[in-house]
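Colleague: Could you walk me through this structure and tell me what lies behind the words you use for it?
Modeller: Gladly; here it is.

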Amino acid sequence: MSASSPPIIVFDLDGTLVDTAPDLISALNHVLDREGLRPVPLSAARNMIGAGARKLLERGLEVEGRVVSLADLNRLTQDFIDFYAEHIADGSRPFEGLETALDRLAAKGHQFAVCTNKLEWLSKLLLDRLGLTPRFAAICGQDTFGVAKPDPAFLRETVVRAGGRLPGAIMVGDAGPDVGVARRANVPVIGVDFGYTDVPMTELKPDRLISHMRDLPDAIASLIAA
């Protein structure tokens, strides 16, 4: 790819920018405990993350063989969100090397945006608590435009909100919806192999694959040069 100006870089949030598993699974187990169900171990639950709070809760209930009504699921989802919002940054931290990588890329003129299936207000709350919000020109969640990944409209509208151009964008993510939205929007995608996915990132065949955020600037440079 080539562009007259540095491409905007669009990030997934959970499992890409921030290791949010400790607080998400804590909220899940809070709800399960209130329902008299056993907690889900963190190691086993990491790959349940990535499709939003409701889906995470559904997966947690499935592990316990519990089927609930729509009304109960709505109630439990709200309980989950309420607890999670209060504890959103208790254990969640940016992945190692993230801020240094963003500094290097910003020095080259890149702008950044977030495109996540997390709710927008929770995404902003998390990034605020971690001091990362000023780094992003746009932070968009599954409720921002009424669509979620892998719908390409979500990525397109996120880029527009950030003041960028879709033909000059690069997606960075950890799971199938991130690769899928990039492919459907016809933009290159960098996969990280340290996030949350039930399908290994190598099998999803991103354009570049990294195992540490320190490698992100070089991966982006190689895409631009290609």
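**What the terms rest on**

Modeller: In the protein chain, 51% of the 226 residues count as buried, where buried means under 20% relative accessible area, exposed over 50% and partly exposed in between, with a 1.4 Å probe and protein chains only. This is a predicted model, in which local features need pLDDT of at least 70 and side-chain atom pairs count only at pLDDT 80 or more, while totals for chains, interfaces and linings use all residues. Residues are numbered from 1 along each chain as its sequence is written, and side-chain values use heavy atoms, with hydrogens and water left out.

Colleague: How do you know that the radius of gyration agrees with a compact globule?
Modeller: The radius is taken over C-alpha atoms, and the globule rule is 2.2 Å times the number of residues to the power 0.38. For 226 residues that gives a value near 17 Å, and the protein chain has 17 Å, so the two agree. Along the principal axes, the C-alpha trace spans about 55 × 30 × 30 Å.

Colleague: What counts as a helix or a strand, and how many does the chain have?
Modeller: Both are DSSP runs numbered from the N terminus: helices are H or I with at least four residues, strands are E with at least two. The protein chain has 10 helices and 8 strands.

Colleague: How do you know that the span of helix α4 agrees with its number of residues?
Modeller: The expected span is 1.5 Å times one less than the number of residues. Helix α4 (residues 70-86) has 17 residues and should therefore span 24 Å; its end C-alpha atoms are 25 Å apart, which agrees.

Colleague: Which residues of α4 are buried, and what covers them?
Modeller: The buried ones are L73, L76, T77, D79, F80, I81, F83, Y84 and A85. Their cover includes α1 (21-34), α3 (53-63) and α6 (120-129), judged by contact, meaning heavy atoms within 4.5 Å.

Colleague: How do you know which strands pair with β4?
Modeller: Two strands pair if DSSP finds at least two bridges between them. Strand β1 (residues 8-11) runs parallel to β4 and is joined to it by 3 bridges, with V10 partnering A113. Strand β5 (residues 138-140) also pairs with β4 in the parallel sense over 3 bridges, and there A113 stands opposite A138.
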